[in-house]
Number of protein chains: 4
Amino acid sequence: MASDVADTTLADAGEARIEWADGQMPVLRSIRERFAQERPLEGIVVGACLHVTSETANLVRTLAAGGADVALCASNPFATQDDVAAALAAGGGEVHAVRGDDAEAWAARVAAVVARGPRITLDDGADLLAAIHLARPDLLEGMLGGTEETTTGLVRLRAFHAEGKLACPVIAVNEAMTERFNDRFGTGQSALDGILRTTNLLLAGHTLVVLGYGWTGKGIALRADGLGASVIVCEVDPLRALEARMDGFEVLPALAAAERGDVFVTVTGGRGVLRSDHFARMKDGAVLANAGHFDVEIDVAGLAAEADAAREVRPLVEQYTLGGRRLNLLAGGRVVNLAAAEGHPAAVMDISFALQALTAEDLARRGGDLEPGVHAVPEEVDREVATLKLASLGVQIDTLSEEQERYRRGLVG
Amino acid sequence: MASDVADTTLADAGEARIEWADGQMPVLRSIRERFAQERPLEGIVVGACLHVTSETANLVRTLAAGGADVALCASNPFATQDDVAAALAAGGGEVHAVRGDDAEAWAARVAAVVARGPRITLDDGADLLAAIHLARPDLLEGMLGGTEETTTGLVRLRAFHAEGKLACPVIAVNEAMTERFNDRFGTGQSALDGILRTTNLLLAGHTLVVLGYGWTGKGIALRADGLGASVIVCEVDPLRALEARMDGFEVLPALAAAERGDVFVTVTGGRGVLRSDHFARMKDGAVLANAGHFDVEIDVAGLAAEADAAREVRPLVEQYTLGGRRLNLLAGGRVVNLAAAEGHPAAVMDISFALQALTAEDLARRGGDLEPGVHAVPEEVDREVATLKLASLGVQIDTLSEEQERYRRGLVG
Amino acid sequence: MASDVADTTLADAGEARIEWADGQMPVLRSIRERFAQERPLEGIVVGACLHVTSETANLVRTLAAGGADVALCASNPFATQDDVAAALAAGGGEVHAVRGDDAEAWAARVAAVVARGPRITLDDGADLLAAIHLARPDLLEGMLGGTEETTTGLVRLRAFHAEGKLACPVIAVNEAMTERFNDRFGTGQSALDGILRTTNLLLAGHTLVVLGYGWTGKGIALRADGLGASVIVCEVDPLRALEARMDGFEVLPALAAAERGDVFVTVTGGRGVLRSDHFARMKDGAVLANAGHFDVEIDVAGLAAEADAAREVRPLVEQYTLGGRRLNLLAGGRVVNLAAAEGHPAAVMDISFALQALTAEDLARRGGDLEPGVHAVPEEVDREVATLKLASLGVQIDTLSEEQERYRRGLVG
Amino acid sequence: MASDVADTTLADAGEARIEWADGQMPVLRSIRERFAQERPLEGIVVGACLHVTSETANLVRTLAAGGADVALCASNPFATQDDVAAALAAGGGEVHAVRGDDAEAWAARVAAVVARGPRITLDDGADLLAAIHLARPDLLEGMLGGTEETTTGLVRLRAFHAEGKLACPVIAVNEAMTERFNDRFGTGQSALDGILRTTNLLLAGHTLVVLGYGWTGKGIALRADGLGASVIVCEVDPLRALEARMDGFEVLPALAAAERGDVFVTVTGGRGVLRSDHFARMKDGAVLANAGHFDVEIDVAGLAAEADAAREVRPLVEQYTLGGRRLNLLAGGRVVNLAAAEGHPAAVMDISFALQALTAEDLARRGGDLEPGVHAVPEEVDREVATLKLASLGVQIDTLSEEQERYRRGLVG
C-alpha cells in the first residue's frame with residue numbers, strides 16, 4: 001500500500017498533532033475501543049475522501065481498529081495537513097494527499113483510492129463517489145454504501161439520483177441532528193476564528209452581514225453577536241428569514257446590506273451571492289469571507305476584473321481597490337475556517353466522525369440491503385452519538401419511569 | 001344561534017380587547033381581507049374548541065369573513081375571557097364558553113358545538129374531535145378534516161390512529177415551522193411573564209430550572225437567560241440534552257437540579273415531572289410553575305398531601321410548608337402563561353391563527369381527499385404565513401436569480 | 001402616633017405581602033437581627049419619604065428594630081400600597097400615605113412627618129428634605145443627615161447646594177456600587193415587566209428604543225435584548241453613546257429612532273425627551289413608556305393637544321389618534337415599573353434598603369460630623385452590603401494571601 | 001538618531017502592516033491631520049516605552065506630525081514586531097527594539113531612550129519613568145509629565161508616590177472611560193483569540209474559568225459566554241463578585257473552580273493566582289492562560305517543579321504531566337493576547353492612542369502646571385475621543401436643547 005505524501009520527515013510533528021486531537025475526541029475514542037473488540041468492519045475496503053487533518057486521522061484509525069482496510073485522499077487539497085498525512089503513512093496507512101495539489105494531481109490521488117475498489121465510501125463533497133460512478137461503475141453493485149458530509153455533496157447526489165443515475169445508497173451524515181450542532185457551534189466558531197486570525201478586526205462596534213441562515217449561518221450569526229458585532233442576515237427563504245428576524249437580527253436584501261456591512265460572510269451553498277452589484281455598494285475597508293463549501297459564493301473573478309489594483313496586505317488578505325474603495329478578500333474566497341484557521345475544532349469533528357464510524361458499521365451490518373438513493377442517518381445512530389458525547393462531558397440525564405413512558409405514548413391520562 | 005356566555009354586558013370591553021389584538025395581528029387581517037373577497041369557506045360549518053381570547057375572536061371573524069359558519073367553545077375554561085365571549089356573541093357569533101366552568105358544564109358546551117355538525121374542526125387538545133368520535137361518529141365521514149394546535153393533542157390523536165380509530169384527517173398545525181417560532185418566542189416570553197406577574201421575583205442572581213427542552217422549553221431557557229437567570233435544563237432525550245449543553249446551559253438530572261433551583265418550570269408534555277422526591281430536596285422559597293398544556297406535570301396532589309400547611313400568599317401563589325421549607329406553587333400547576341398572564345401575545349397568535357385559517361382553506365379546497373391520520377401542514381401554507389409575516393414587519397428579502405436557482409438544484413456548477 | 005391610611009381593614013392582606021417581601025430580603029433581615037441586638041439608632045427620630053410598599057415596610061421595621069422612631073410618608077402617592085400602609089399602622093408604626101392622594105393631600109402627609117422633627121431623613125426625590133428646609137429650617141442644625149435614593153433627587157440637592165442653601169449632609173445612596181446593580185438589574189427587569197403587563201406585546205421581532213443609557217437605561221436595553229427585541233439607543237453623552245454602540249446596540253438620534261421604534265422607553269432624568277417632533281414620525285401602534293422618576297420625559301400634554309382622539313384601550317393604556325396613527329401611552333407617562341407593575345422586585349430593594357439601613361447607622365455613629373453637601377456612601381458600607389448579599393446567595397469567594405496582598409500594593413515583585 | 005532594530009530589510013513588510021492598522025485607526029488619523037496643522041508638540045522630546053506594533057507606529061507618527069521628537073523602545077520585547085520597528089526606523093524614526101531581547105539587552109534599549117532626555121513619557125508598565133527616576137533624576141524637574149497605560153504600572157506609580165518618591169505628574173490613561181471599553185471589548189476578544197489560535201478548542205459545551213472580574217475580566221467572561229462557554233468567575237472583591245453573579249455567571253472560590261474548568265484565564269493583576277493547590281485539582285486536559293500584564297499570575301515555576309514531564313504539543317502549548325493528568329500552559333504564562341495572538345485589534349488601539357496623543361497635547365498645553373502624582377485623564381479629552389470615535393463609526397447623537405440643559409442642572413421643573 002504505497003502512499004503519496006509531501007514529506008515523510010514530518011511524521012513526528014503529525015503524530016503529536018493527531019494525539020492532541022485525540023485528546024479532544026473522546027467519543028470517537030470510545031468507539032475505537034469497542035471496534036477493537038468487536039471488529040465490525042473486518043476486511044472491508046473503505047475509501048475516504050475527506051479533509052486530511054489530525055481529526056480525520058483519528059477516524060481512519062478508528063475504522064482500521066474495526067478491521068477496515070482504509071485508503072484516504074483529500075477532499076480539498078488546500079486543507080491537507082502534510083504532517084498528518086506523513087504520520088498516517090508512517091503508521092502503515094494508505095494516504096494520497098499533498099497540500100496545494102493542482103486539479104490534475106488531485107484527481108490522480110482520488111483515482112488511486114478508486115483503484116482500491118472500496119465497498120464503503122466516506123465523502124466530503126461527493127467527489128469519490130462521483131469518480132467511482134464515472135471511472136469504475138463495475139464497483140457499484142458490490143458496494144455497501146457511502147456517506148456524505150456536506151450539503152453541497154448532497155445537492156449533487158440528489159440531482160444525480162433524480163436523473164436515475166445514483167447506483168448505491170448514500171447516508172446523509174450531514175443531516176443528522178448531532179451534525180446540525182456541529183454546523184452551528186463548530187463552523188460558527190471556526191469561521192469567526194478564521195476572520196479574526198486574518199484580519200485582527202474588533203467585531204464590537206462593527207456590522208457583520210451573514211448571507212444564508214441555514215444551520216451554519218445561524219451559528220455564525222450567533223457567534224458574531226456573541227463577539228459584539230451588529231449582525232444583519234440576508235436570506236431567500238421566507239421561513240429562515242423570519243426565524244432570523246425573530247432571533248433578533250436585522251434582515252435585509254443583500255444589496256441594502258452591502259452598504260452597511262464591515263464584514264460579509266457567505267454561507268448559502270449557492271453561487272454568485274456577492275457579485276458586481278454588491279461590490280459597487282460596499283464601504284471602504286469592507287472584509288469579504290466565504291464559509292460555504294465551494295469557492296463560488298463570492299464572484300472573485302468578477303471582483304478581480306473590476307478592481308483597479310490588487311495586492312496582499314496581510315497573509316491571506318487580498319486587497320482589491322475599486323474607485324478608491326478597498327475591499328479585502330480573505331483566503332481567495334475559499335472556505336475561511338479551513339483556509340484561514342484550522343477548520344472544525346477537534347471536539348466538533350469528534351461528533352462528525354463518530355457518526356461516520358457508526359454509520360459505516362451500520363452499512364456493514366446491513367450487508368447492502370438499502371436501495372440506491374440518499375438516506376437519513378438511522379435515529380439510533382444519532383442518539384448513540386449524543387449519548388456518548390454527554391458521557392464524555394460528564395453530563396447525566398433522566399429516564400422516564402414506566403408509567404411516564406406509557407403516558408407519553410397516550411396510553412393513560 | 002344561541003350563545004352561552006357569562007355576562008352579555010361585558011361586550012363593549014371585549015370588543016375593545018378584540019380590536020387591540022387585531023392591531024397586533026396584521027397577518028390574520030390580511031388573510032381576512034382576502035377571504036372576504038374570495039369566500040373560500042362559503043357555507044361550511046366550522047367547530048372551534050380553542051382558548052376563548054381576543055386573538056381567537058379575530059380568527060373566528062376571519063373564518064366567518066371567508067364564509068364559514070363558526071361555533072366556538074373553550075378548550076380550557078380557566079382561560080376564557082368572558083368579555084370577549086360576550087363581544088363575539090353580541091356580534092352574532094355562536095359561543096359556548098364561561099370562565100371557570102366545571103368539568104360537567106364544560107362538556108355540555110363542547111357538546112353544543114358538536115351538535116352543530118362541523119365539517120372542519122379546530123382543536124387545542126383534541127377535545128372537540130374526540131367528542132365527535134364518541135358522540136357523533138356519523139359526522140366523521142362527511143368531514144373535511146380537523147386541525148390540532150398542541151403537542152398533547154397530537155399525542156392523543158396519534159395513539160388513537162395507531163389503534164385504527166381515527167376516522168378523519170387532522171393537520172398538525174403545531175408542527176409547522178412557523179408554529180415552532182411561536183412555541184419558542186411566544187411561550188418563552190409569556191411563561192416568564194406569568195412567573196413575574198405572580199411573584200415579582202428578580203431573576204438575575206437566581207437559578208431557574210427548565211424541565212423539558214422541546215421548542216417551548218428552549219424558549220423559556222432562552223428568555224430566562226436573557227432576563228439574567230442562571231439556567232439549568234433537565235431532559236430525558238439525549239439529543240435534546242446535548243443541544244441544551246451546547247447552547248451553554250447546565251444539564252442535570254431533575255433530582256440534582258431540585259437542590260439548586262429557585263424557580264422550576266415544567267414543560268415536558270409528561271406527567272409527574274416534579275414529585276415527592278423533588279419536593280423533598282428543594283430550597284426554602286422555591287417557586288414551582290408549569291408551562292405544559294395539562295396540569296399533570298407537577299404532582300399537586302402529592303404536594304398537598306405532604307405539606308404541613310398551605311395558604312395563598314399572593315394571588316395565584318399557593319404556599320406549601322414542608323418541614324419548615326416553603327414551596328410556592330403558581331396557578332395551581334395549571335399552564336402559567338394562560339392562568340397567570342394573558343397567554344400568547346397577539347403577535348404570536350397572529351401566526352398560529354393565520355396557519356389555522358390557511359389550513360382550513362386548504363382542507364376546504366381539497367374537498368376531503370386526505371386519508372384519515374395526522375398530516376403535516378402543507379409547506380406552501382407554512383411559507384405563505386412566513387411571507388405575510390415578513391411583509392407585516394416591513395422586511396424584504398432576496399430571491400434567487402434563475403441561474404442561482406439552477407445551481408441550487410445541482411443542474412450547473 | 002396617629003397614622004393616616006386608606007383602609008385599616010386591609011392590614012392582614014398587607015401583612016401577608018410584607019412577609020412575602022421579607023422572604024426575599026435576606027440581607028435586610030440579617031441587618032435587622034443585628035440591629036435588634038445592637039440598637040444603633042436608639043431613640044433617634046427618622047423621617048422616611050419613600051414608595052410605601054411591602055419592601056419599604058421591611059426597612060421601616062429594620063430601623064425600628066435598631067431603636068429608631070420612624071414616621072413614613074409616600075414619595076409618590078400612586079405607588080402607595082394601601083394594604084401595606086394599613087399593616088404598618090396596625091403594627092404600631094406611624095404612616096401617612098393614601099394611594100392616589102392629590103397634590104394638596106400629599107403635601108399634608110409630608111408635613112405630618114416634618115412635624116415629628118426627624119434627625120435622619122430618607123428620601124426618594126428629595127421632597128422630605130426640601131420640605132424641612134422650607135417649613136422647619138430650625139430642625140436642620142440638629143440633623144444627623146439624610147439619604148437620597150434617586151438621581152433626580154440628587155440633581156435637585158446638588159443645585160441647592162451650589163446655591164449655598166443645603167444645610168445638612170446627604171448621602172447619595174443611589175450612587176453606591178450596589179445600587180448601580182439595582183438600577184441595571186432591577187429596573188431593567190421591572191420596566192419591561194410593566195410594559196408586558198399593560199400591552200402583552202411580543203418583543204421578539206419588534207424594535208424597542210431606549211432613550212438614555214445611564215445605569216437604568218443599560219438595564220432596560222440589556223433585558224429588552226434578552227427578551228428578543230431589536231434595541232436602539234438614543235443618548236446625548238458621547239461616552240454613553242459609544243458604550244451603547246460597543247455593547248452592540250444601534251445608536252441613533254431620537255428623531256431617526258422615532259420612525260423605527262415599536263416601543264419607546266424614556267429614562268434620561270430629563271424633560272420633553274419625546275415630544276411633538278417625535279410623535280409626528282412614529283408608526284401606527286407605537287407604545288410609549290417612561291421609566292424615569294418624574295412624568296416629564298414624555299410630553300403628555302403636547303400629545304393630548306395634538307391628538308384627534310384619546311381613549312383607554314386596555315387598563316393603563318391610553319390610545320391617542322394622530323392623523324390616523326394610534327400612539328399608545330402607558331400609565332399616563334408615569335414611571336412604568338411602579339405604575340404598571342409592582343416596582344422593584346423585593347430582592348432589589350433588599351440591597352437598596354440594606355444600604356439605607358447601614359447608612360442611617362453610619363450617620364448615627366458619626367453624630368453629625370459631616371459637612372453640609374452631598375456625600376458618597378462610605379465604601380465599607382457598600383462592601384458590607386455586597387458581602388451580606390453574597391452570603392444570602394450562598395456564594396463564597398476567595399481572599400488574598402498576605403503575600404498577594406503585599407504584591408497588590410506594589411510592595412514586592 | 002540611530003535606531004536598533006533586528007532586521008532593516010523587513011521595512012516594507014512592516015510598512016504594509018502599519019498601513020493596514022492605519023486603515024482601522026480613523027480616530028488617530030483625524031487627530032494626526034489636525035496635529036499636522038496645529039503642531040501642538042513642536043520641538044518636544046517624547047519618550048515612548050510601549051509594545052512595538054503597527055498600531056504604536058501610527059501613534060508615533062501622529063506625535064511626530066504634531067511636532068514631537070519621538071524615541072521609542074519596547075515595554076515587552078516578546079511583543080515587538082521587528083518588521084514594524086524596521087519600517088519606523090526606515091522612515092527616520094528613532095526605535096530601540098528587537099523581538100526577544102533578554103533582560104539586559106532590553107534595559108539598554110530603555111536607557112537609550114532615557115538618554116534622549118524626554119519631557120513627556122508614554123509608558124506601558126511604568127518602566128521608562130522608573131528608569132528616569134533611577135538613572136536621570138535631573139530630567140524630572142523639566143518634565144511636562146508622563147502617561148501610563150496599565151493598571152500594573154499605576155499600582156507601581158501610586159506606591160512610589162505614597163512613599164513620596166514620584167517627582168512628576170502622570171496621567172492614568174488606563175482609567176479613562178474610553179479605555180475601559182478597550183479593556184472590556186478589546187482584551188475580551190483578543191484573549192479568546194489567543195486561546196483559540198493556540199488550541200483550536202471548541203468553547204461551546206466547555207467551562208471557562210475567569211480569575212479576576214475587573215474590566216478585562218468582564219470582557220473575557222462576556223466574550224467566552226458569547227462563544228458558548230459556561231463561565232465561572234473567581235474574585236476576592238465582594239462588589240465585583242456580586243456583579244459577576246448578577247451578570248449571570250457562576251461565582252466560586254478558585255479551588256472549587258479548579259475542579260470544574262476546561263480553560264482557565266487569569267486576569268487579576270496579582271501573583272500566584274493559579275498555583276500548586278489548584279493544579280492538583282484540575283482535570284486532565286485543562287488549558288491555562290494568563291491575560292494579565294505580567295507573567296506572574298500562573299505559578300509556572302511551581303507547575304514545572306511538580307510535573308513528571310513537559311513537552312510542547314502545539315506551537316505555544318506546553319503540556320505538563322502531573323500524575324497522569326495533562327495540563328496545557330499557553331505561551332508560557334505570558335499575556336496570551338499578545339504572545340499568542342496579535343494583541344489588541346487596531347480599532348481598540350485607536351482609542352488608546354487617541355487618548356495618548358490628546359493627553360500629550362494637554363500636558364504640553366499646561367506647560368508643567370500639574371503636581372507630581374497620578375492624575376485622571378481630563379474629562380474633555382475623554383469626551384473628545386468618544387466624539388471622534390462615534391464620528392468614525394458614522395454614528396450621530398442628540399444634543400440637549402437649552403431648556404433641557406437648564407432642567408438637567410435643576411434650574412427649572
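Predicted model: local features only at pLDDT ≥ 70, side-chain atom pairs only at ≥ 80, totals over all residues.

Colleague: Which residue of chain D meets the side chain of C:Arg383 in a salt bridge?
Modeller: Residues are numbered from 1 along each chain as its sequence is written; chains are lettered from A and ligands numbered from 1 in the order in which they are written. A salt bridge is a side-chain nitrogen of Lys or Arg within 4 Å of a carboxyl oxygen of Asp or Glu. Here N to O is 3.5 Å, and the partner of C:Arg383 is D:Asp237.

Colleague: Which helix of chain C holds C:Arg383 in the pair that crosses between chains?
Modeller: Helices (H or I, at least four residues) and strands (E, at least two) are DSSP runs, numbered from the N terminus. At the other end of the pair, D:Asp237 sits in the loop between strand 9 (230-234) and helix 10 (238-246) of chain D. C:Arg383 is in helix 16 (residues 379-392).

Colleague: Is D:Asp237 buried or exposed?
Modeller: Buried means under 20% relative accessible area, exposed over 50%, and partly exposed in between (1.4 Å probe, protein chains only). C:Arg383 has 29%, so it is partly exposed. D:Asp237 has 19%, so it is buried.

Colleague: Which residue of chain C forms a salt bridge with B:Glu342?
Modeller: The closest N and O atoms are 2.6 Å apart, and the partner is C:Arg314. B:Glu342 lies in the loop between helix 14 (336-339) and helix 15 (346-366) of chain B, and C:Arg314 lies in strand 13 (residues 309-314) of chain C, so the pair joins two chains. B:Glu342 counts as buried because its relative accessibility is 17%.

Colleague: How many residue pairs are in polar contact across the interface of chain A and chain B?
Modeller: A polar contact is a pair of N or O atoms within 3.5 Å; within protein, one must be able to donate a hydrogen and the other to accept it, and residues adjacent in sequence count only if both atoms are side-chain atoms. With both residues at pLDDT 80 or more, the number of pairs is twelve.

Colleague: Which helix of chain A gives the most residues to the side that touches chain B?
Modeller: The elements giving two or more residues include helix 7 (151-162), helix 8 (177-199) and helix 16 (379-392) of chain A. The top contribution is seven residues, and it comes from helix 10.

Colleague: What area is buried between chain A and chain B?
Modeller: Contact means heavy atoms within 4.5 Å. By that rule, 54 residues of chain A touch 54 residues of chain B. Buried area is the accessible area (1.4 Å probe) that two parts lose on being put together, summed over both. Carbon and sulfur atoms give 66% of it, and the total is about 4,500 Å².

Colleague: What area is buried between chain B and chain D?
Modeller: Ten residues of chain B are in contact with ten of chain D. The rule finds zero salt bridges there, and four residue pairs are in polar contact (both at pLDDT 80 or more). Carbon and sulfur atoms give 41% of the buried area, which is about 780 Å².

Colleague: Which residue of chain C has a polar contact with the side chain of D:Arg184?
Modeller: D:Arg184 is in helix 8 (residues 177-199) of chain D. Its relative accessible area is 11%, so D:Arg184 is buried. Beyond neighbours within four places in sequence, its contacts include C:Asp247 and D:Trp215. The polar contact is 2.6 Å, side chain to side chain, with C:Glu243.

Colleague: How many of the twelve residues of helix 3 of chain B are buried?
Modeller: Helix 3 covers residues 54-65 and reaches 17 Å from its first C-alpha to its last. That is close to the 16 Å expected, which is 1.5 Å times one less than the number of residues. Among its buried residues are B:Leu59, B:Val60 and B:Leu63. The helix is mostly covered, and the buried number is ten.

Terms used. Heavy atoms only, no water.
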